[in-house]
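Visitor: I would like to learn how to read a fold. Can you take me through one, feature by feature?

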Amino acid sequence: MADYVLAIDQGTTSSRAIIFNHSGQIVATGQKEHEQIFPKAGWVEHDPEEIWTNVRDVVGQALGRASLQAKDIAAVGITNQRETAVVWDRTTGKPVYNAIVWQDTRTQKICDRLAGDVGADIYKAKVGLPLATYFAGPKVVWILENVDGAREKAEAGDLLMGTVDTWVLWNMTGGVDGGVHVTDVTNASRTLLMNLDTLSWNEDIAADMGIPLSMLPEIRSSSEVYGKGRGTGLLADVPIAGILGDQQAATFGQACFEVGMAKNTYGTGNFMLLNTGTEIVPSENGLLTTVCYKIGDQPTVYALEGSIAVSGSLVQWLRDNLKVISSAPEIETLAATVEDNGGAYFVPAFSGLFAPHWRSDARGALVGLTRYVNIGHIARAALEATAFQTAEVLEAMNADSGVNLTELKVDGGMVANDVLMQFQADLLGVDVVRPQVAETTALGAAYAAGIAVGYWEGEQDVIDNWAEDKRWTPSMDEAERDRLLRNWKKAVTKTLDWVDDDVEQ
């Protein structure tokens, strides 16, 4: 059998290919950023063709660096930015519009229209999600209503839609020449269109949105062979056998297989998932009920999720828009020049507020400023924003699940930041634990693919491979923690009701 598994991690800011060995260790990596397109305030787009080109490039980089060929790869797993929507022509293979990214808020009026008098929870009992700009369904509606000829082509059966996993898989398996049009249960659960209990498309909601069923991909499990690499590509004839949305993939890679286990990923946004087992747990505290994973024909495992729109992207904003820093790691150096935030709080509601507030009318605010505040305080406030938002999500998670978390497994780019991780432990009052392989998103997709082809036997192999790298233990006293959280919640109130009805979101 081939000795390695390759994961394609198509994220919000870049595409990566990572090759893993049987121990779950990284053998080689390729990575390439893609353009972030901001046509208007609140609009965020990517070029799907650039993404597909970059995916091929990074696969080549990884294989080249490891001196490997297709015959050395047992399977390919795909993980992706989840709610980002692509619509393309099945006959030409060309997108009819840029991908509309999960952070994009242009669909607020569509969501309001669909909600009608019932409100944002109109579909929640069926799909586990509030009607919000975050999810893929309304983005497809926007394309059908605003791109010339799209509605007619869709009605004629000529258009396909999908999250980015579907777009990549379709191209890898032949595109216009027999490409497989499939998504997995985790990505389907982020569209507002899938019944959580039956794992099937909800025809009534699709009809409400005006999305023809012919556009929708087939829903499959997270771990099975969907097809093989086609043509003369670098992965010709290699089975593509795992798909997981990025946050579910990280949960899988972190070996959170037992009820009550949770992980938090610190990336462009922040996402905490709590395994609820085979039970669908409705949230009453602003969380999402979602599919965690499904391995082949085994029972579906569900999760509660707290989604935060802006965490790492706030550091990116300070770098690219304000030029406060020239590289992301500098934020920690700056933050370490001060002992606290100096009274400054940064609420990065650039795309509204996600969990647990779900306020699309919110916008970012930097509050509590005095002459005393310097750039170090602002850097620290930017880092602390991630920890504060996570604390709010954990509070909601404890309330929904009825179980207090005892430790938090963490991963993602920001977990290299000691200042942030220590503050996170202090704020939560529980240990924060980082694994030896921090690339858990790609690793989870690799595991799902490898399990499908027998490279790994199952979840126990994932558990056996997981190893702790570093642990942060809380050291802040309770009174200080309460004071900080109280001020944070006050800061959040200053971001609300910012967008008026006459402003295009």
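Visitor: In what order do the seven strands of the open sheet lie?

Guide: This is a predicted model. The order is β15-β16-β14-β13-β19-β20-β21, with mixed pairing. The edges are β15 (288–293) and β21 (468–472), each pairing on one side only. On average, neighbouring strands here are turned by 30° against each other, direction ignored.

Visitor: In which sense do β19 and β20 pair?

Guide: Parallel. Three bridges link β19 (residues 407–411) with β20 (residues 431–435). For Lys 409, the bridge partner in β20 is Val 433.

Visitor: Now strand β2. Which way do its side chains point?

Guide: Start with the general idea. Side chains in a regular strand alternate between the two faces of the sheet. In β2, Ser 14, Arg 16, Ile 18 and Phe 20 point one way. Ser 15, Ala 17 and Ile 19 point the other way. All of these are buried. With seven of seven residues buried, β2 (residues 14–20) is therefore largely enclosed by the rest of the structure.

Visitor: Which residues pair with Ile 18 of β2?

Guide: Ala 7 is bridged to Ile 18, and Thr 29 in β3 stands opposite Ile 18. Strand β1 (residues 4–10) runs antiparallel to β2, joined by six bridges. Three residues separate β1 and β2 in their hairpin. On to β3 (residues 26–33): β2 pairs with β3 in the antiparallel sense over seven bridges. Their hairpin has five residues between the strands, and Gly 24 in the turn has a positive phi of about 80°.

Visitor: How are two packed helices described?

Guide: By the angle between their axes and the distance between the axes. Take α9 (residues 246–253) and α14 (residues 440–452). They pack at about 75°, with axes 7 Å apart. So α9 is roughly perpendicular to α14. Among the contact residues are Ala 249 and Phe 252 of α9, and Leu 443, Tyr 447 and Ile 451 of α14. By class, the contact has eight nonpolar, four polar and one charged residues.

Visitor: Which residues touch the most other members of the largest nonpolar core?

Guide: Met 209, Ile 211 and Met 215, out of 109 residues. Helix α12 (residues 375–401) gives the largest share of this core, 13 residues. A separate core has 35 residues, including Ala 17, Ala 66, Leu 160 and Tyr 226.

Visitor: What does Ile 211 touch?

Guide: Leave out residues up to four places away in sequence. Ile 211 then touches Gly 137, Val 140, Val 141, Leu 144, Met 161, Leu 193, Ala 206 and Leu 216.

Methods
Residues are numbered from 1 along each chain as its sequence is written. This is a predicted model: local features need pLDDT of at least 70, side-chain atom pairs count only at pLDDT 80 or more; totals for chains, interfaces and linings use all residues. Side-chain values use heavy atoms; hydrogens and water are left out. Two strands pair if DSSP finds at least two bridges between them. Helices (H or I, at least four residues) and strands (E, at least two) are DSSP runs, numbered from the N terminus. Axes are lines fitted to C-alpha atoms, for helices over the stretch in contact, and angles run from 0 to 180 degrees between N-to-C directions. Angles under 35 degrees count as roughly parallel, over 145 as roughly antiparallel, 65 to 115 as roughly perpendicular and the rest as oblique. Contact means heavy atoms within 4.5 Å. Ala, Val, Leu, Ile, Met, Phe, Trp, Tyr, Cys and Pro count as nonpolar, Asp, Glu, Lys and Arg as charged, and the others, Gly among them, as polar. A nonpolar core is a set of buried Ala, Val, Leu, Ile, Met, Phe, Trp, Tyr and Cys residues joined through side-chain atoms within 4.5 Å. Buried means under 20% relative accessible area, exposed over 50%, partly exposed in between (1.4 Å probe, protein chains only).
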